[in-house]
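Subject: Structure for you to look at

Hello,

Please open the structure below and keep it beside this email while you read.

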Amino acid sequence: GCYNDPERAGLDAKSVFDGMTEHLFFTLGKLAPTASRHDLYMALSYAVRDRLMMRYLATTEAMRAHPQKSVAYLSAEFLIGPQLNNNLLNLGIQQEAEAALRNFGIESLQQILDVEEEPGLGNGGLGRLAACYMESLASLKIPATGYGIRYEFGIFDQLIRDGWQVEITDKWLKGGWPWELPQPDEACFVGFGGRTESYIDDKGSYRSRWIPAEHAIGIPHDVPVLGYRVNICDRLRLWRADATESFDFYAFNIGDYYGAVEEKVGSETLSKVLYPNDGTDEGRRLRLKQQHFFVSCSLQDMLRSLDNRGLPVEDFPKYWTVQLNDTHPAIAVAELMRLLIDDRHMDWDKAWDITSRSVAYTNHTLLPEALEKWDLNLFSSLLPRHLELIYEINRRFLQQLRLRYPGNDAIQRKLSIIDEDGSKAVRMAHLATIGAHHVNGVAALHSDLVKTDLLPEFAELWPEKFTNVTNGVTPRRWVALANPELSTLLNEHIGEDWISNMENLRKLEERQNDQGFLEHWGNTKLSVKRKLASYIHRNTGVLVDPSTLFDVQVKRIHEYKRQHLNVLQVITQYLRIKNGQADGMAPRTVIFGGKAAPGYYMAKLIIRFINGIAETVNADPDMDGRLRVVFLPDYNVKLGEQVYPASDLSEQISTAGKEASGTGNMKFAMNGALTIGTLDGANVEIRELVGAENFFLFGKTVEEINDLKRSGYNPGAFINAMPELQEALRLIEMGHFSNGDSELFRPLLDNLTGHDPFFVMADFADYLRAQEAVSLAWTDRMHWNRMSLLNTARTGFFSSDRSIGEYCENIWNVGPLNVDITC
Ligand code: 26M
């Protein structure tokens, strides 16, 4: 049954207004006439939360009364973005909320949405993917919990000072965050450090037990995740670390008050801050602690849910499927073994059967510096019992290898969970691969490379384990919410069904030769661009012309993503305008956005480089109406929602083989931007789907890059063949973009002309050629609009509903909640 209470949770404007009034008074202690916008945001959010709560409790109750398999999506990051508008959309009450707000003197919903602070609980694509997947799980009525960490400080806020990135702590909780429910009665204990000891149990068997040196408590904070126009409501369960005072009464008794307080402070720092994924060594111990903390709490929580429903622990794989979002939660393989063997006294074979039938692993990168390895000393000092279990998992695995490849010692060294070349380390990708029933990559090309380059011997050993699930993004947030103008156009012409069935966008193809419709299409884009132009003016002071081509690269700043390739191309355009050789060049606004990891020097220098070029270009009257360069500070989910719909050209220019998938590429294409891109990640599939004639391809393929590497890549040879590039490099070296400072960008220039690890010089000429093709295409606007329309029409495949459908079918073997929940 549903906990339907129309008195308190109706979906009409009057009910929403009444809910707001009540929360203003009783929850917030405010009177309507003096309520601030923030107060109204809180009141509306609480009113919306009430409406989620009945759906959430109905779902929980259905799962208690009629147990069925549920997804546990384990991720150290969930980049969920603003919640209010998404929940209004999925409930179907955006207009009702706007009407309710009018009674408080607010003209538009947007004024209230602007107040919302977003939780930046992720770095980039990986964390945002987890958020899209939770939304699709709920929309497809699949019971699921996203398990993660409730960081007190998320990804830093970015300021730009004198062209440099400055990091500011993200105090997202400061105004109160109305979307979470702490559940202290469901707290879990987690141990760290200490030692193991062997003992003989009451049946006379030898066993090992862990005596941790310290403990933390995890307090779950639940965030309801409502699906689109359905009554099932999943949840995020984020763990906050708390102190374990009860364990330390002893310290108080012997008078070590400050010692006891110290441990309290120590365990509270566990969920204090999200680490930027910069591959550096900073805070490594704390990061491993965070991983074990949230994984242990989550697995204990899953086991407890079986206990509470009277289900046997042997049935764990029948009721839970555990997905590892990268190797961050890979310790789950050892922790589930420990919980089953040490706490539940299960024998090894049974425990391994349960573990390996429950766990699956998604790989998100091939970059060697991003593959997690933990120093053995660090690992054993923090998780001594887990190391014992990993040794035993490894021993049995290597035994299997010996039988399969007799006499081949090299393969054992290569596949072992323990890296013994140099200082010893635990390879988390090997632990995850051995413990999982499926290993998947995140785009077709990437999944092939996982099999051929990253884990070839594992793929030969267990070919049926390896599979692909191409990433997707939720059309609710990234089209329906972010682009109301386009959504209205779509709804008028093909109906609303595309929102839950994106393949229906194909119906648009019928309009591809309809001049009137194409004009309408172009005007819709233009009106969205006006809004972004106004945002740019308000936030950077730069005036941009909405009729110019909006050429956009927003993503984390990294050498492999090659923002510097884009900048060099901008300099070439600048020079052509200066030299009067710019005939046929499309007038452009080149927009950048993205954060650099605080410890990643070259990435920060690239930001300085973009801002140096922007300053020179934007101050030059010769560029008026032809070229503008903008760096948007503090790129996040909220800003992304403004940027994707307003873009004409999507820059997806990573070195082939380096970007596992990309998901921004999909958001752009759905919103009608054309892509200029390499054959990397999901770009390959975007191009196949939209058609080669509707995609600007350039650059070397994975094979060509490998050939260059083998034959000894020399960037100088490429530079010498391109006088325009030489001129650009010379200007940079002279300090033309740095107020005469010829030292500022030297490390960047040395990098590009010396090793050029990401083949920027090798791809430059072809990139320039492709950009000329873009300019040419822009001159025939009807043709451009047609290509834009076809990008939207043919990218329904990239809905995360499709991705989640594939996970359910091929990896998880789960289906929708089969209990009727009507609200
Ligand atoms: C960052 C800075 C310096 C060195 C390494 C990194 C780094 C790079 C990749 C750290 C982690 C990385 O991989 C994890 C990750 O976030 N992968 C992204 O996952 C997305 C969702 O699947 C994909 O769309 C992106 O292509 C992939 O990079």
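This is a predicted model: local features need pLDDT of at least 70, side-chain atom pairs count only at pLDDT 80 or more; totals for chains, interfaces and linings use all residues.

Residues are numbered from 1 along each chain as its sequence is written.

The whole chain

The protein chain has 34 helices and 23 strands. Both are DSSP runs numbered from the N terminus: helices are H or I with at least four residues, strands are E with at least two. The C-alpha trace spans about 90 × 75 × 55 Å along its principal axes.

Of the 823 residues, 49% count as buried. Buried means that 20 or more other C-beta atoms lie within 10 Å of the residue's own; exposed means 12 or fewer, partly exposed is in between, and C-beta atoms are placed from the backbone.

The sheet

Strands of a sheet pair through backbone hydrogen bonds, either parallel or antiparallel. Here, an open sheet of 6 strands has the order 20-19-18-21-22-23, with parallel pairing. Two strands pair if DSSP finds at least two bridges between them. Strand 20 (627–632) and strand 23 (696–697) are the edge strands, each pairing on one side only. Strand 18 (residues 549–554) is joined to strand 21 (residues 649–652) over 2 bridges, and V552 has S650 in strand 21 as its bridge partner.

Helix 23 (residues 563–578) lies across strands 18, 19, 20 and 21, at about 155° to strand 20. Helix 24 (residues 601–619) lies across strands 19 and 20, at about 145° to strand 20. Axes are lines fitted to C-alpha atoms, for helices over the stretch in contact (C-beta atoms within 7 Å, placed from the backbone). Angles run from 0 to 180 degrees between N-to-C directions.

Two loop residues

Most residues other than glycine have a negative phi. R229 has a positive phi of about 55° and lies in the loop between strand 9 (214–226) and strand 10 (233–242). D756 has a phi near 45° and lies in the loop between helix 31 (746–753) and helix 32 (760–779).

Regards

How values were computed: Two residues are in contact if their C-beta atoms, placed from the backbone, lie within 7 Å.
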